[in-house]
Protein chains: 2
Amino acid sequence: MTVQAPLDPRQKAALSPSEARGYFRSETWQGSTRGFAFGRLQCGVVMLPQSEAADFLAFCTKNNAALPLLDMTPAGVPVTKAYAPDADLRTDVPLYRVFRDGELVDEVPNIKNYWRDDMVSFVLGCSMTFDSALLANGIPNRQLTETGKPSMYVTNIECEPTERFSGPLVVSMRPMLPAQAIRAIQVTSRFPKTHGAPNHFGDPAAIGIADIMKPDIGAPVRILDGEVPVFWPCIGTIWSVVARSKPPFFISHAPGCMFIADLSDEEMSVL
Amino acid sequence: MTVQAPLDPRQKAALSPSEARGYFRSETWQGSTRGFAFGRLQCGVVMLPQSEAADFLAFCTKNNAALPLLDMTPAGVPVTKAYAPDADLRTDVPLYRVFRDGELVDEVPNIKNYWRDDMVSFVLGCSMTFDSALLANGIPNRQLTETGKPSMYVTNIECEPTERFSGPLVVSMRPMLPAQAIRAIQVTSRFPKTHGAPNHFGDPAAIGIADIMKPDIGAPVRILDGEVPVFWPCIGTIWSVVARSKPPFFISHAPGCMFIADLSDEEMSVL
């Protein structure tokens, strides 16, 4: 369920990370965090029992472009000291998804009722982090400016599996002119902790995408004359992996509903 | 006239810059310098009367991606102190082109008979400089591995004009898979003094190229299934500019026949 909040885009953008998290904690807004606290790090959140944490961490490490690890908490401690020490990872995301044996069983604005003392939380990078850098470079980003939703596609590229986890890579897509794509590759290469450079551009079929106007997750965006689709490894990979690997208990943010950290986007740049 | 030299590719690659220049100075080889003294900086050379030097320098500066200035000599001094202090720019290039009023009037292995004390020499960056970086990254470069010749195309992109000089941008092209193109963009962005990142990929018609298999200068290369053409601003631009601007007297290297400097390719990298 999406609740329309009484904030215009400029007000959303101007919130501090703490104010944005408080707004989500109040459960007034259960939609996309795109454009909130603009220029601050947007993160994915995954929680699972400690018994599976090491294997999931290995999966993130092997598939670092899609699932770049920012932080892993101790079991039972729903706080990321490095990225937002005052925030509670159980309440400060607008909307969570709860999975049992790979099936979506609930979508909730907080996961207090699901929390267990053996839960480990993973904070993962998200491409919304380079929204601000793309905007500053005049590169189209219609997920930000038009739809407000992500456009994610399941590919035919297999992730590197671990003992417990496997699944196909999911990518996000932004259409742009070739010269803009070249600039976008330069810009996003500076952000390896939030997916970094694209992994493909051009022909969607080459990576197993049948219809570019039908994303598997989120909403489509317009592709203008002369533009090519540009694809980035995406945190949406967690859902293809959950569907395939069927972990007993797995909690994540809902698509586009991220955890906003205290750090700025630019603090994530390697150059 | 091209003289076949008794050197195999490995011997060519192993020459020092000084040895390669001596080989060209002996006029045994009047062909492409591709693969000679591999990993050393390959440069374009332009010479023209001092009366036009300032305007040509302004043209290079305004069109820096195509014509990146490495050095400009004083009038009458055919030596680039910074890049090869022991070399003579009048003899150490395998083949030169001499133009009068924009027309090619001679192609010669040295320009001693054309030299004048008011001549200023420009040393310009060339994309052969990142051949070694592309090779090290496993990116196809069939100009190096198959044809030995450049593939250059006149585009419909106008250079920024100066008072005396104008003309369309000329680009070089290498075909590769999209994922390789993404890596090539990262790699070549490190070399702004030798053209840097591509300016276009994909549809040749978008930049005014009618037939990708018919380059305006040099030879075509094979394009394999799934590959896209990737285009870089090219020093070949000097010939489209000479044809348009018709300077009274203008000397350059011949296509693919470069001046090899003492510096290594990697010394040109900004990162």
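1. In chain A, five strands make up an open sheet with antiparallel pairing, in the order S8-S10-S7-S6-S9. Strands here are DSSP runs of class E with at least two residues, helices are runs of H or I with at least four residues, and both are numbered from the N terminus. Two strands count as paired if DSSP finds at least two bridges between them. The edge strands of this sheet are S8 and S9 (217–218) of chain A, each pairing on one side only.

2. A remark on the basis of this note: the model is predicted, local features need pLDDT of at least 70, side-chain atom pairs count only at pLDDT 80 or more, and totals for chains, interfaces and linings use all residues. Residues are numbered from 1 along each chain as its sequence is written, chains are lettered from A and ligands numbered from 1 in the order in which they are written, and side-chain values use heavy atoms, with hydrogens and water left out.

3. Within the sheet of chain A, strand S7 (residues 168–176) and strand S10 (residues 228–233) run antiparallel and are joined by six bridges. Pro233(A) in S10(A) is the bridge partner of Val171(A).

4. Chain B also holds an open sheet of five strands, antiparallel and in the order S8-S10-S7-S6-S9. Strands S8 (200–201) and S9 (217–218) of chain B are at its edges with a single partner strand each, so one side of each is left without a neighbour in the sheet. S8(B) pairs with S10 (residues 228–233) of chain B in the antiparallel sense over two bridges, and Phe201(B) has Val230(B) as its bridge partner in S10(B).

5. Strand S3 (residues 96–100) of chain A has two partners to consider. With strand S4 (residues 103–108) of chain A, S3 pairs in the antiparallel sense over five bridges, and Arg100(A) stands opposite Glu103(A). The hairpin of S3(A) and S4(A) has two residues between the strands, and Asp101(A) there takes a positive phi near 50°. Five bridges also join S3(A) to the antiparallel strand S11 (residues 249–253) of chain A, where Phe250(A) stands opposite Phe99(A).

6. The salt bridges over all chains number 27, each being a side-chain nitrogen of Lys or Arg within 4 Å of a carboxyl oxygen of Asp or Glu. One of them joins Arg222(A) to Glu146(A), with the closest N and O atoms 2.5 Å apart. This pair links distant parts of the chain, 76 residues apart: Arg222(A) lies in the loop between S9 and S10 of chain A, and Glu146(A) in helix H5 (residues 142–147) of chain A.

7. The contact between the chains (heavy atoms within 4.5 Å) takes 14 residues from chain A and 14 residues from chain B. Together the chains bury about 1,100 Å², 81% of it on carbon and sulfur atoms; buried area is the accessible area (1.4 Å probe) lost on putting the two parts together, summed over both. The count of salt bridges between chain A and chain B is zero. Helix H6 (178–189) and strand S8 (200–201) of chain A are the elements that give two or more residues to the side of chain A that touches chain B, and H6(A) gives the most, with seven residues.

8. Chain A can be laid on chain B with an RMSD of 0.0 Å by a turn of 180° and a shift of 0.0 Å along the axis, and the two copies are thus related as by a two-fold rotation axis. The superposition is by least squares on the C-alpha atoms of residues with pLDDT of at least 70 in both copies. Gln186(A) has the C-alpha nearest the axis in chain A, 3.1 Å from it.
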